[in-house]
Amino acid sequence: MIPAKFEYHRPDTLSEAVALLAHHGDDARVIAGGQSLTPMMKLRLAAPGHLVDLQAIAELRARGSVAGFVKIGATCRQAELITDESISRLCPLLREAALQIADPQVRNMGTIGGNVANGDPGNDMPGLMQCLNAVFALQGPKGGREVAARDYYEAAYVTSAADDEILTLIKIPTPPIGHGWAYEKQKRKIGDYATAAAAVLLTKTNGVCDSASIAMTNLGETPLFAEEAGKLLVGSTLDEAALKAAAKAAVAITEPAEDGRGPVEFKRAVAEVMLLRALKRAAGRAQ
Amino acid sequence: MEDQATLQSAVSFNLNGEPVLVEAPFGERLSESLRERCGARDVKIGCNAGDCGACTVLLDGAPVCACLTPTHQVADAEVETPAGLARIDRYAQRLTTAFARHGAAQCGICTPGMLASAVALLRAAPSPTLEEVQDALGGVLCRCTGYRSILDAVVAAGQGEELPVAISGGVGAASARVDGVAKLSGAELFGDDVAPAGAPVVKVLRSPYPRAAFTLGDLDAFIAQTPGLICVLTAADVPGENSFGVIPGFEDQPVFAESEVRFRGEAVAAFVGEAEAMRSFDPDTAPIEWREASAVMTITEACAAGTPHLHAHASQNVMCQGYVACGDAEAGLAAADVVVEGAYSTSFVEHAYIEPEAGFARVVDGRIEIASCTQAPFMDLEAVARILDVSPQQVRILPTAVGGGFGSKLDLSVQPYLALAALKTGRPVRMAYSRQESMQSTTKRHPAEIRLRIGATSDGRVCGFDFEGGFNTGAYASWGPTVANRVPVHASGPYYIQNYRARSRAIYTHCPPSGAFRGFGVPQSAIAQETLFDQLAAKLDLDPLEFRLMNALDNGVRTVTGQSFDTGVGVRACLKALAPKWRVARDAAQAVNAARVSGRSPLRRGVGLAAGWYGCGNTSMPNPSTIKAGITPDGALTLHLGAVDIGQGSHTVIAQIFAEAIGVALHDLSFVGADTDITPDAGKTSASRQTFISGNAARLTGEVLREKVLRLCNASGEATLEILPGSGRLQVLDGAQRHEIALREMPVDSDGYALAALESYDPPIKPLDANGQGDPYAQFGYAAQIAEVDVDMTLGLVTPVKFIAAHDVGRAINPMLVEGQVTGGVAQGLGMALMEEFIPGRSENLHEYLIPTIGDMPEVETIIIEEADAHGPYGAKGLGEHVLIPTAPALFNAIRHASGACITRAPATPDRVLAAINAAREA
Ligand SMILES: Cc1cc2nc3c(=O)[nH]c(=O)nc-3n(C[C@H](O)[C@H](O)[C@H](O)COP(=O)(O)OP(=O)(O)OC[C@H]3O[C@@H](n4cnc5c(N)ncnc54)[C@H](O)[C@@H]3O)c2cc1C
Ligand code: FES
Ligand code: FES
């Protein structure tokens with residue numbers, strides 16, 4: 001039931017893609033892996049007249065680590081991320097989270113760029129990127145700019161990117177050697193979005209925490225970066241009381257909605273458990 | 001660049017190694033292009049939303065959902081489909097062998113997706129572990145098998161297991177399925193696979209409201225304005241009765257609503273159009289004015305004073321009632337030393353077979369022919385004739401392979417629309433329900449509201465039992481009367497209860513019709529009875545298994561309907577078989593929990609038990625089966641398979657029984673499939689009746705045909721037959737003597753057989769009187785199961801870790817198929833217990849409506865008990881529905897054992913379990 005009258009473009013370069021978006025304005029939309037867009041189009045939640053396929057654009061697929069950053073091209077697939085040993089070594093949190101997304105078929109098509117650009121509060125990568133303090137590079141008709149993941153999400157399906165901008169690259173500051181990490185996701189079955197999920201990245205020196213970053217998935221209209229909760233941990237020995245206090249502080253900023261995954265209070269309770277488990281595992285892994 | 005892109009609609013890629021060029025509109029899904037433009041009907045569509053994985057193909061070697069892949073994205077890529085793989089890939093060939101040996105394809109609709117995913121895995125990891133297989137197949141849903149046979153098959157294929165598959169052996173042999181080859185090669189044709197590409201398509205306009213009045217706009221003008229539309233069908237186009245139903249006297253569901261709709265998803269009109277145009281046609285764009293009215297969605301609302309009646313004939317919205325009483329329930333309860341009571345509620349459960357309803361129809365020589373998935377071809381035939389106002393001879397039903405049924409495909413779905421459209425247009429037409437349409441409009445398991453009080457004396461005997469159950473039957477009757485009748489007969493469980501009263505009512509609401517679903521209401525009542533039995537045992541300080549043994553039925557002991565059996569009452573044997581395992585598991589749980597407490601783990605292990613019983617066949621109603629077989633002048637022995645095999649394996653079971661009776665090997669048989677023109681009526685595939693009833697008919701047919709052969713040559717009863725297809729001869733070896741029957745010289749009957757037999761079987765039953773006393777079934781099957789679970793006390797999350805299922809099947813005609821039924825049934829019981837809840841308007845897809853995935857199903861240890869039944873063929877009993885009856889209560893008892901939480905509402909979703917844990921802590 002995809003609308004009959006739409007057109008498909010498969011440009012080879014980023015500049016052609018940007019030009020197509022500029023030319024067709026509101027009526028155009030990019031498609032990457034199609035794993036979110038195709039179901040939305042079927043449900044008529046999206047009905048673009050022009051689809052601009054990013055898959056043939058070689059420059060969007062590159063990935064690697066350069067000068068203190070892990071760089072991931074927007075159309076890198078989730079499955080590729082899982083099997084990329086060098087990225088997994090530098091930033092194991094990415095792999096741990098990617099393995100908890102959807103199922104093998106979806107991960108074989110779904111892209112990182114699509115996952116972060118989509119703006120669905122259920123997507124796992126946005127919270128993860130906030131935790132990692134990633135920066136998104138955008139390219140539009142007026143040129144390029146960068147937006148921090150922590151500033152990118154405005155409301156469900158609303159981001160700070162303009163309709164004619166393409167997310168081209170994700171830049172993640174390479175976490176320090178010896179950092180601790182964890183992604184804890186509670187879901188109802190394989191392939192389900194999170195009831196609640198928490199991402200944690202922290203570092204410690206001589207047993208004392210010197211940085212901590214906490215973000216959450218599907219507990220509000222946007223991913224939630226729990227800045228205050230992270231600050232509570234800095235200077236602590238990551239003892240149980242400190243972790244509990246941080247988890248409580250993080251839960252305080254959640255605004256889950258009741259749905260098939262459960263009522264609000266239940267989701268908050270699950271969030272707290274996910275946070276505590278992620279914090280404990282990350283603390284245990286940090287050296 | 002841009003213009004080129006917008007004009008070009010052809011895309012080229014390699015399909016199973018061959019280059020193809022496909023002309024498709026932009027945005028068409030690869031699944032659609034493969035099926036309709038490349039003839040690759042082995043790619044199945046179960047949801048069109050990425051949820052089920054039935055459409056899995058390999059794209060440059062990686063499994064992807066073809067339904068989420070725009071065709072134009074695969075330009076220049078390598079696409080492999082399951083049938084292509086089965087033909088040329090060596091891993092696929094190993095896998096198909098292993099699948100056949102392990103019974104890993106039941107209905108077979110998920111098999112292509114499973115095989116494609118498994119091939120990709122084996123290419124990357126030739127000898128995968130169980131966990132690797134679980135991960136790799138995580139995106140493919142199966143509703144039949146419970147996954148364990150699939151896991152085992154893939155692991156075995158990885159270990160290079162290539163043992164030949166046996167299709168031989170009579171009764172008792174674990175033969176491979178007789179219909180297995182097509183299911184594994186991708187050649188099997190399901191409801192949507194038979195129509196020629198390009199046939200006109202039917203789409204139904206459905207109500208978006210549970211209750212509304214409506215006025216259709218100018219549909220003729222709409223047809224004229226909409227390119228590709230051929231015609232519209234409404235109530236005015238129904239020549240006969242605009243109603244259908246499955247039980248005589250209860251045909252209350254209209255084919256098309258006439259002025260008012262009673263549930264969300266009810267049909268009001270159907271559009272027929274050319275295939276290309278219908279791809280993008282949305283029936284909701286048709287002119288119609290809706291006037292929504294307030295709806296009653298629950299039993300309580302429907303029974304409240306002043307609530308309007310859905311149907312004029314049903315006062316207080318009560319569609320029908322059931323009643324069974326013996327002794328004096330009140331007096332028994334009054335005399336009890338301990339009494340427990342509870343109020344329980346369960347949800348709508350969706351069958352969620354992976355194949356949505358689909359079919360194809362055409363007019364041939366003035367007769368209407370319908371090929372569609374169905375569980376009841378002869379009922380379809382009668383119902384369609386009634387709607388069309390033609391004689392039954394004018395209708396032919398050709399059942400396709402059925403991609404799962406579980407009860408819902410007993411009712412009409414696509415058939416009337418197809419028949420009306422074929423007649424009106426004079427052209428062959430097809431239709432396939434979307435997943436949403438299937439979930440909105442077809443039947444569900446009845447939600448139940450149950451109150452139950454049970455009393456026992458201090459010596460551990462149940463002495464009083466008072467059951468009251470309300471069943472939400474939705475907007476139309478469907479199988480509601482059957483549920484209302486079955487429940488009071490079964491609510492006692494397989495126990496001797498002296499003083500008993502059970503009342504049931506089926507209540508109309510503005511919900512989708514509730515119908516038949518594995519167990520007809522019994523799984524719901526078993527939840528109440530079996531969990532209260534645990535509470536009684538606890539109050540009496542008795543072990544739950546001990547308590548059940550003290551009250552279990554036996555041969556010669558009367559049931560609550562006053563029936564008693566001389567042989568075959570197997571519940572005690574089931575419980576006894578579990579006893580040693582029960583003690584080991586309970587002790588182990590204690591040890592595990594002690595370690596967890598000291599390790600501050602949030603997990604607690606619990607072990608629960610439940611038993612169940614189920615009467616095979618219709619309740620106190622005749623339900624005969626007829627089976628035909630013949631020997632052709634060429635020498636082929638042909639068995640007519642009139643019973644529909646919905647995946648459970650009835651073709652194989654019936655063939656094994658027939659082969660045993662006539663005295664040949666299974667591979668000596670050839671088959672003609674169900675076709676109402678050439679196969680006699682073997683009745684519907686429901687009520688666990690095919691093994692028992694059609695099996696008996698097959699046994700009689702085999703015996704009679706054998707007699708005829710032996711008589712022809714005066715051979716003794718010990719003689720063996722040799723089937724020599726193509727030879728024109730039949731050989732009979734009688735000791736040292738060899739007889740030859742020259743078949744070509746014999747006269748043939750109207751079916752073209754030189755020798756034939758046709759026999760019927762109808763089980764002996766007695767009607768129930770006003771107190772529900774009588775012999776409702778000729779046999780019951782029995783079961784008892786242990787569930788072991790881990791409960792996360794902080795998340796309310798329940799993770800089953802093992803099931804042990806003891807099932808009395810009388811005689812296991814095919815042990816492999818028995819295990820397949822048990823594991824699949826346990827999976828459905830698990831779903832009902834822990835996750836499945838259909839909410840009209842909210843969970844009409846397979847991501848909101850959860851069914852167990854491969855990650856949810858633990859090991860199931862099956863123990864086969866054979867307490868021979870006096871009436872069953874070779875002692876065999878039915879099994880299909882029994883399997884899921886004990887599962888939910890066993891799980892709930894395990895949850896209580898682990899956590900103290902008392903579960904009274906199904907499903908026990910994590911939020912409910914957590915609330916129950918907290919409530920138990922406070923109490
Ligand atoms: C059954 C199923 C289960 C799933 N489960 C999960 C899950 O558990 N967790 C999870 O995180 N996700 C889940 N997903 C979603 C999946 O991960 C998607 O792949 C992902 O969200 C989107 O990636 P995509 O490449 O497919 O994007 P598309 O569907 O192609 O695009 C999604 C949206 O992003 C836009 N977009 C895409 N790329 C760009 C870009 N480079 N620049 C600007 N805009 C862009 C598109 O225009 C569109 O609006 C699931 C999907 C399915 C079908
Ligand atoms: S049909 Fe594609 S995933 Fe269900
Ligand atoms: S065999 Fe898997 S869905 Fe039927």
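This is a predicted model: local features need pLDDT of at least 70, side-chain atom pairs count only at pLDDT 80 or more; totals for chains, interfaces and linings use all residues.
At the interface, 39 residues of chain A are in contact with 41 residues of chain B. Several elements of chain A each supply at least two residues to the side that touches chain B: the strands E1 (7-9) and E3 (50-53), together with the helices H1 (14-24), H2 (37-42), H6 (104-109) and H12 (264-285). Helix H6(A) gives the most, with five residues. When sorted by class, this side of chain A has 20 nonpolar, eleven polar and eight charged residues.

Chain A also holds an open sheet of five strands, in the order E4-E5-E10-E6-E7, with antiparallel pairing. Strands of a sheet pair through backbone hydrogen bonds, either parallel or antiparallel. Strands E4 (63-66) and E7 (143-148) of chain A form the edges, each pairing on one side only. On average, neighbouring strands of the sheet are turned by 25° against each other, direction ignored. Within the sheet, strand E5 (residues 69-73) and strand E10 (residues 166-173) of chain A run antiparallel and are joined by five bridges. Lys71(A) has Lys171(A) in E10(A) as its bridge partner. Helix H1(A) packs on the sheet, where it touches strands E6 (135-140) and E10 of chain A, and its direction makes about 125° with that of E10(A).

Chain B is divided into domain 1 (1-164), domain 2 (201-295 + 356-404 + 408-441), domain 3 (299-350 + 444-523), domain 4 (566-618 + 775-922) and domain 5 (625-761). Between the C-alpha centres of domain 1 and domain 5 of chain B, the separation is 38 Å.

How values were computed: Residues are numbered from 1 along each chain as its sequence is written. Chains are lettered from A and ligands numbered from 1 in the order in which they are written. Two residues are in contact if their C-beta atoms, placed from the backbone, lie within 7 Å. Helices (H or I, at least four residues) and strands (E, at least two) are DSSP runs, numbered from the N terminus. Ala, Val, Leu, Ile, Met, Phe, Trp, Tyr, Cys and Pro count as nonpolar, Asp, Glu, Lys and Arg as charged, and the others, Gly among them, as polar. Domain bounds come from an automatic or database domain assignment. Two strands pair if DSSP finds at least two bridges between them. Axes are lines fitted to C-alpha atoms, for helices over the stretch in contact, and angles run from 0 to 180 degrees between N-to-C directions.
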